[in-house]
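Subject: Two-chain model, with notes

Hello,

Here is the structure I said I would pass on. Please open it beside this message; my notes come after it.

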Amino acid sequence: MTTITTVTCNSIEEITINILNMDELILKLKEQIIDVLNLEEMTPDEIDTDAPLFGEGLGLDSIDALELIVLLEREYGIKLASPTEGKKIFTSVRGIAEYVKANAK
Amino acid sequence: MSRILADNIVSALGMTTQQNLDALLRGESALQHYDKTTLAVGADYVASLIPETTTVEMRRCLQNEPEYKGFTTEEMAQLSRFEVKVAYSVLNTLRQAHLNPQKDENVLLVLSTTKGEVEQGLHLGETAARIAQRLGFQTEPIVVSNACVSGLSALITADRLLRQHHYTAIVVCGTDDIGRFVVSGFQSLKAFSAERCRPFDIDRMGLNLGEAVATLVLSASSDKPTWHFADGRVKNDAYHVSAPSRGADGALLCIEPLLVEFDRQQLAVVNLHGTATVFNDQMESVAIEKAGLSDTPQNGLKGALGHTLGAAGLVESILTLHTTEQGIILPTWGYAEQGTSGRMNLSQKVRHAQKRAFLKTLAGFGGVNAAAVFQQGKMESVNAEKPIKYDSILCVDITPESVRINHAPLPIKAIEGKHFLTAIYKQCVDDYPKFYKMDGLSRLGFLASELLLQEEQKEAGEGCVPRFVKRSDRAVVMYNCHSSISADTDFAHSLGKSDDTEGYFPSPSVFVYTLPNIVTGEVAIHNQFQGETQFYVLPQVTPQAEQQLIEAAFADPATQSVVAGCVEYINDNDYHCHLQLYRRNNH
């Protein structure tokens, strides 16, 4: 099924986010997470989309959370106010993807 | 134990120790709100910065000093802010102490700094050599770069060098430039409070940075009733590179031996690190209660001057020394209601000091902790000075071309597309993915230590202490000439252009690695080494310098072995490491 949508975009980045479907965005995010968090031995398929990022799952720490905040700003123009706000969003890769879809500038 | 000959502080509150004291006793704070555009950083910040009028005055004074007399006005204007601060403060104390390094060849300069001249240049060993030479020192300087504990770390090393009779006097000077590099770094870590910081308070939200330079001159101990640096300890939590141990492991390992050595009833005050971050202050309250110091008055001074990084241990010790001498305990600026779990004895008011000795504590990135006792007069110590003897047990060498264990080559299987260090990791370690988070300097030091410690296990066999079990009898001492230059370069790139915030995305993880001592923290964490960790930067690595620094590590009676060596990582193609395991010889 093809849907034709008319969207007004102000930048190349905006066009890209709006064209990517959820699966493509999730894959892109996984690649970016592997890059910024130096998860050198992992491939995107090894990251469970719905597993917790902190605590169990990938077992990321507080500095990783800060790097994810920088990633959101640099790649998607999203500015988070505090690490506490980040904690609510960084539940899983899907959690981040949904937030990005809704808030990317 | 060493005698204190002279001291100086320059900050936003004044150009002498006395001016700083007077301002603090009037209740002043140097912390101000700065707009983000002043440094082209991401957000406004609160800090205390040495004002332009003061730096102009320092340059003017230096121009009249013999050491800078030959300089043209242009050359004086070219001097880095870092050099101006160090030169002014050091010369001030040399005059007070009637010391002339040009006439006395056994005087040493020890610089305490986390980032040196980072806004102007990244070669810390060269910076130190240039400054020492201009000031007339005939010995090669030592830079202590041990994160926020550098000030006490430097005093502890200086005291040990004096006890081993290597020098007649040591000038210990600490400062850091509070510029775009460090402000961006701390902002990326979200470590700042948007307001004046509130140490130990229930509403504390983070730290403020402060700019200061402070100098202490030490000489051999004296029977006169002058102030002495009594003794100190540096220990690692072996927990996390940027967060303190919840149980205050490292802090207690520093404090407890000092309370055995010195009578806690003689302490007027405990001057704490008190950065006003949620985790540091909580950790210190736990340390205070567990050490049985809850009733001894405590205070923290960062609410008045901010966190002065490389200067902190020196500034805060000097201020505590003079106020204790006058029978005063300064209040804790920014503190109102206690927000930490350990039982403490803090106050918003000036209190009376009954005694004439104090304990100073600090904690820093890399998991490092430090504590030191200062006293008026020479107190009897329970520790007799024993001669230090040690043997070299093993060595490892890593260069881009080869790996050698005890000088025998270890062939490394190259992996296509991967760096040589990654190939070493895959072949020889392969079970510690945190390796991939490390920067080049930490990867290099970590791998060399792994090869060394694996070899120790192989050679010692059954009798060896098993790995990965907590121990505090092994020190990790690393040094080089270029500090964390590779990470510094990477972090500077993440700041984009120097004058605006386009392309400005400071990386918090890269910033952590711009502290060269992190490599010692990584080794400590992986191995659960809760002993001393130190990082030094030298103009050149000489056998004499190495011997002095390794001997200094063994001056801690608890240290039975030391992993020590040069770890130099300039860039991905230019690096080398020579690491040795030394064991104390008790015979």
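What follows is a description of each chain, then of the interface, then of a few single residues.

Please keep in mind throughout that this is a predicted model.

Chain A

Chain A has five helices and zero strands, so its elements, read from the N terminus, run α-α-α-α-α. Of its 105 residues, 39% are buried. If you take the contacts in chain A between residues at least 6 apart in sequence, 55% of them join residues at least 24 apart.

Ile33(A) sits in helix α2 (residues 22–36) of chain A. Its relative accessibility is 2%, and because buried means under 20%, Ile33(A) counts as buried. Leaving aside neighbours within four places in sequence, Ile33(A) is in contact with Asn38(A), Leu39(A), Leu68(A), Leu71(A), Val93(A) and Ile96(A).

Chain B

Chain B has 17 helices and 22 strands. Its radius of gyration is 23 Å, close to the 25 Å that the globule rule gives for 587 residues, so chain B is as compact as a globular protein of that length. The C-alpha trace of chain B spans about 65 × 55 × 55 Å along its principal axes. Buried residues come to 65% of the 587 in the chain. Among contacts in chain B between residues at least 6 apart in sequence, 77% join residues at least 24 apart.

The interface

Interface size is often given as the accessible area lost when the parts come together. Here the area buried between chain A and chain B is about 1,500 Å², and carbon and sulfur atoms give 55% of that. Glu40(A), Glu41(A) and Ile63(A) supply 37% of the area that chain A buries against chain B, more than any other three residues.

There are four salt bridges between chain A and chain B. One of them joins Lys437(B) to Asp64(A), with the closest N and O atoms 2.9 Å apart. The number of residue pairs in polar contact between the chains, both residues at pLDDT 80 or more, is seven.

Ser317(B) lies in helix α11 (residues 312–325) of chain B. Is Ser317(B) buried or exposed? Ser317(B) is buried, because its relative accessible area is 1% and the limit for buried is under 20%. Apart from neighbours within four places in sequence, Ser317(B) is in contact with Leu152(B), Ala312(B), Phe358(B), Lys360(B) and Phe374(B).

Two other residues stand out for their backbone angles. Most residues other than glycine have a negative phi. His407(B) has a phi near 70 degrees, a positive value in a residue other than glycine. Gln528(B) also has a positive phi, about 60 degrees, although it is not a glycine.

Both residues are in loops of chain B: His407(B) between β17 (403–405) and β18 (408–409), and Gln528(B) between α16 (518–527) and β20 (533–537). His407(B) counts as exposed at 57% relative accessibility, whereas Gln528(B) counts as buried at 18%.

Regards

Terms used: Residues numbered from 1 in each chain as written. Chains lettered and ligands numbered in written order. Predicted model: local features only at pLDDT ≥ 70, side-chain atom pairs only at ≥ 80, totals over all residues. Heavy atoms only, no water. Buried area = accessible area lost by both parts, 1.4 Å probe. Salt bridge = Lys/Arg side-chain N within 4 Å of Asp/Glu carboxyl O. Polar contact = N/O pair within 3.5 Å; in protein donor to acceptor, adjacent residues only side chain to side chain. Helix = DSSP H or I, 4+ residues; strand = E, 2+ residues; numbered from the N terminus. Rg over C-alpha atoms; globule rule 2.2 N^0.38 Å. Buried < 20%, exposed > 50% of the residue type's maximum accessible area, 1.4 Å probe, protein only. Contact = heavy atoms within 4.5 Å.
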